[in-house]
Amino acid sequence: MLPVLVINLDRSPERLAKIGARLAELGVAWERLPAVDGREFANGTLPENYSPALNRARYHRELNAGEIACFLSFRKAWRTILEKKWDGAVVLEDDAVLSDDFPAALAALSANIGKWNAVKLCAPNTRLFRSQVPLAAGGVAGDAGGGDTFGGGSGTPPRFRLVSPFKIPNLNPAQAFTTGAARALLDATEKFGAPADVEIRNYWRTGVYFNVLVPPPVAGCDDATSDIERVEPRAGEKFKKRGFSKIKNKLLFALNTFAISFCRDYAARALSPFFLFCLANGVLWALLGLRGVAGGAWSSDLRGAIFAITADIGHYGIVALALLVLLAPFVVLSRRAGAVAGVVLSSLLTLFLVADGFVFDQFKQHINLSYVQMFLSPDGRDIFVFPPVFWVLSAVGVALIIGVEIGMFLVSGKFTIRQPSWLRRVRIATTGGVLLCVLVFESLHAWAAFVAYPPVLVRAEAFPAFYPLTAKRFMRSLGFKQANLQKVPDSSGTLNYPLEKITPPPVAESAPPPDILFVLVDAWRADALAPEVMPRLSKRAAAGAVRFENHVSGGNATRCGLFSLFYAIPATYWNSFFSANRRPVFMETLDALNYEFAIFASAGLLNPEFDRTVFAGIPNLRIRTEGETVFERDARAQEEFLRFLDARNAKTPSQSNAGSAGGTGGASAKPFFGFLFYDVLHSFALARDAERKFLPTVEGENGVNYMALSNRTDPLPYINLYKNSVFHLDKQLETLFAALEKRGVLQNTIIVVTGDHGQEINDTRTNTWGHNSNFSSHQTHVPLLVFWKGKPPAVLRHRTTHFDIVPTLLGEALGVATPPVAYSSGRSLFDPAPRPFTILASYSKTALLYEGAVAGAESIPAGHVLVLNKYGFGEPRTFDYRATGAKPPPHVLREAWTEMSRFFAK
């Protein structure tokens with residue numbers, strides 16, 4: 001039986017006699033605990049435990065000597081429990097009014113020691129309870145009503161209920177404390193500043209939560225004011241009240257009561273069955289997720305395996321915890337609402353993961369809203385064609401998933417109906433394990449992204465809605481060295497690229513391969529190549545180039561434009577090639593033909609990561625060009641390329657091969673591939689001393705502040721700024737061509753002049769400035785000039801794309817016999833045959849430029865753009881991006897998906 005301590009002042013013997021008689025009448029043994037007398041502090045001497053600073057912070061007025069003494073008396077009681085090494089004790093004030101149920105309540109608490117921490121035995125005004133646990137005098141009894149219980153019991157009918165109040169009552173005439181509670185309260189109140197009843201109910205500070213025993217075995221007290229607290233104020237001292245402090249503390253109490261007390265109950269009790277249910281689903285989802293990371297080219301790599309396992313556990317563990325959070329509002333309403341919501345949500349998630357696994361196996365892309373919307377659309381039967389057996393198996397699969405989810409919930413409820421002691425340990429261990437896995441896989445991915453480690457990076461693509469961290473600046477601060485990819489990996493992980501091995505023909509000494517130069521201009525609009533804006537280049541094009549007037553890039557951003565140009569496939573493959581550090585077939589073929597590479601870009605090659613994709617494996621790759629301004633960087637890149645040519649021409653005859661490419665003097669035995677990338681148009685900049693031919697214009701030496709632009713901004717000055725910048729570029733390109741002509745390079749060099757994407761200047765009147773925002777012609781239509789000896793000047797108006805440039809060069813210039821379909825989505829630039837669609841990409845969206853060349857697809861006019869993005873399949877738009885009610889052709893979409901997954905390993 002729990003010991004009973006009665007706090008009593010030496011000067012109140014009559015109170016002691018009265019409560020002693022009542023305890024004797026009830027047959028309860030007790031001990032007297034001498035109380036601390038407040039008169040000891042009436043002279044102004046304060047005990048060391050009382051803190052005026054805490055008083056000002058936590059209470060709305062100063063404490064009098066009696067309140068301080070009362071607190072010290074309770075501290076004395078807690079210390080007594082520890083000194084006597086009791087498991088716990090009941091502490092009574094000497095004016096407590098005990099009911100006849102007090103002995104039974106004492107027996108119930110004693111029988112269940114360890115199942116509670118601190119209990120209020122007097123709570124006449126406590127009405128709102130968060131949960132109730134039936135207690136019997138001999139142990140814990142089962143709840144006939146089906147409610148939760150506190151543990152195993154004797155089966156006797158319950159007499160008391162242990163409840164968790166929303167608001168812990170203030171009254172302190174009777175309380176029970178365990179040893180742990182006494183120790184925690186002593187530690188937490190080593191310094192105090194508020195009355196005892198206020199301080200101990202702030203359990204977020206003390207760590208001790210009080211339950212209430214109902215019905216209360218102590219009715220109250222004989223006197224509203226105890227003798228301990230009935231002490232006159234210290235002489236000459238006026239106790240100040242702090243109105244604002246009172247409001248602040250009441251507000252803090254209310255907020256903490258809701259945020260901690262409410263959440264504590266539902267997290268530890270009401271949500272316990274749902275925790276095990278979500279945990280079981282997390283295990284199920286992790287098992288389903290293993291199919292995407294098992295095996296493959298990197299299966300034997302240890303770090304890749306660690307990443308795959310921790311990412312699988314961590315990713316789906318976080319999803320399971322998120323499901324638990326989503327269920328909390330339903331559980332608050334009722335257990336039944338939580339059960340229904342849990343089974344429905346988990347079934348939908350499981351069904352999604354199963355379907356996503358099949359889609360990822362087929363297309364190496366995860367399901368997004370566009371897939372769902374198109375599947376449910378009226379044309380879905382035309383896009384997705386399945387045999388009848390598929391629908392039967394799908395119905396069986398859905399029923400099986402729902403049955404499994406219901407079964408897991410029922411089993412979880414059976415395990416947690418009595419709140420076993422191991423459940424808390426499972427919650428802590430599981431949550432900690434998931435967070436540890438998250439820490440491991442996030443750290444591994446950040447490292448792998450920095451040092452270009454494919455065995456980790458390629459596995460990240462297997463998880464839906466997976467966005468792991470990159471921390472390049474942090475990794476650099478830790479001393480890690482960023483990858484310099486001198487060696488190209490032998491395997492491409494999930495890629496099957498090319499579909500056939502590319503074998504270039506042997507080089508004949510009598511007909512060496514031509515030099516190839518790509519001149520790329522960032523943000524170059526198609527309509528900028530006009531005689532009034534670029535008179536010099538227009539003149540050269542008319543005299544010696546094939547001009548393709550209906551040419552589109554593979555996207556509306558630099559990454560997508562260069563990817564589609566060099567790889568000749570859609571930029572939707574970017575992540576897979578980046579993860580595998582896989583360079584394009586075009587560069588591999590040039591390398592096999594012993595080409596010398598001259599890569600000079602005004603903008604850096606690290607962002608986007610062209611050093612790990614397009615130019616991976618090139619020794620001593622120069623990743624940036626020095627210069628304070630874009631004009632300096634453009635000029636320096638061009639000058640350094642010309643110096644590269646001069647160095648080739650200066651080689652000795654023993655190092656040269658007369659008659660091969662290179663120009664006037666002795667030429668290098670190696671052909672070269674040159675890449676010049678100008679950035680001035682992307683910066684929308686114009687030098688201070690540059691000619692301003694088009695007026696009115698704005699000053700643009702430092703670029704344009706896009707934040708200051710709106711739909712009300714007059715675009716004409718900005719259009720003229722762009723034209724003036726293009727006019728400056730025209731002069732620079734003329735300098736380049738004149739230098740190439742002087743060095744004799746044009747004789748055996750194929751020069752491709754084009755842009756990576758366009759630049760919109762609010763042409764669509766949708767407040768769109770720049771690029772990477774929509775797929776209008778202003779952002780995707782770029783110039784294309786090809787200077788090729790043997791190709792007479794011409795203007796071709798059939799549709800061409802960036803996908804066509806590499807197949808043209810490989811097939812017609814380098815003699816590669818492999819059909820373009822094996823390594824690209826393009827064809828020869830000189831093939832005028834119509835095509836059904838062109839795939840366009842941005843960093844976050846994909847679109848199809850419909851060409852109207854497929855039989856039976858006349859429902860949508862040619863030149864419309866079908867946008868697929870994370871928000872679903874949008875309405876078709878014109879090439880000027882005007883919304884239209886045209887109907888998207890389903891078979892075109894199906895063919896586009898095939899093209900966007902054709903180079904993945906099956």
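Good morning. Helix α26, residues 805-813, is mostly covered, with 7 of its 9 residues buried; buried here means under 20% relative accessible area, with exposed over 50% and partly exposed in between, for a 1.4 Å probe and protein chains only. The buried residues of α26 are Ile805, Val806, Pro807, Thr808, Leu809, Leu810 and Ala813. After α26 comes Gly815, with a positive phi near 75 degrees.

A word on the source. This is a predicted model, in which local features need pLDDT of at least 70 and side-chain atom pairs count only at pLDDT 80 or more, while totals for chains, interfaces and linings use all residues. Residues are numbered from 1 along each chain as its sequence is written, and side-chain values use heavy atoms, with hydrogens and water left out. Helices (H or I, at least four residues) and strands (E, at least two) are DSSP runs, numbered from the N terminus.

I turn to the sheet. Seven strands form an open sheet of mixed pairing, in the order β14-β15-β11-β16-β19-β12-β20; two strands pair if DSSP finds at least two bridges between them. β14 (596-601) and β20 (794-796) are at the edges with a single partner strand each, so one side of each lacks a neighbour in the sheet. From one strand to the next, the twist averages 10 degrees. Strands β11 (residues 515-521) and β15 (residues 672-678) run parallel and are joined by 6 bridges. Phe518 has Phe675 of β15 as its bridge partner. Helix α22 (residues 630-649) packs on this sheet and touches β11, β14 and β15, where contact means heavy atoms within 4.5 Å. The direction of α22 makes about 165 degrees with that of β15; axes are lines fitted to C-alpha atoms, for helices over the stretch in contact, and angles run from 0 to 180 degrees between N-to-C directions.

Which residues touch the most other members of the largest nonpolar core? They are Phe518, Phe566, Phe586, Phe615, Phe673 and Phe675, in a core of 60 residues. Such a core is a set of buried Ala, Val, Leu, Ile, Met, Phe, Trp, Tyr and Cys residues joined through side-chain atoms within 4.5 Å. Helix α19 (residues 558-567) gives the most to this core, 6 residues. Leaving aside residues up to four places away in sequence, Phe586 touches Ile516, Phe518, Phe566, Phe673, Val806, Leu809 and Leu810. A second, separate core has 52 residues, among them Tyr678, Ala687, Tyr718 and Leu721.
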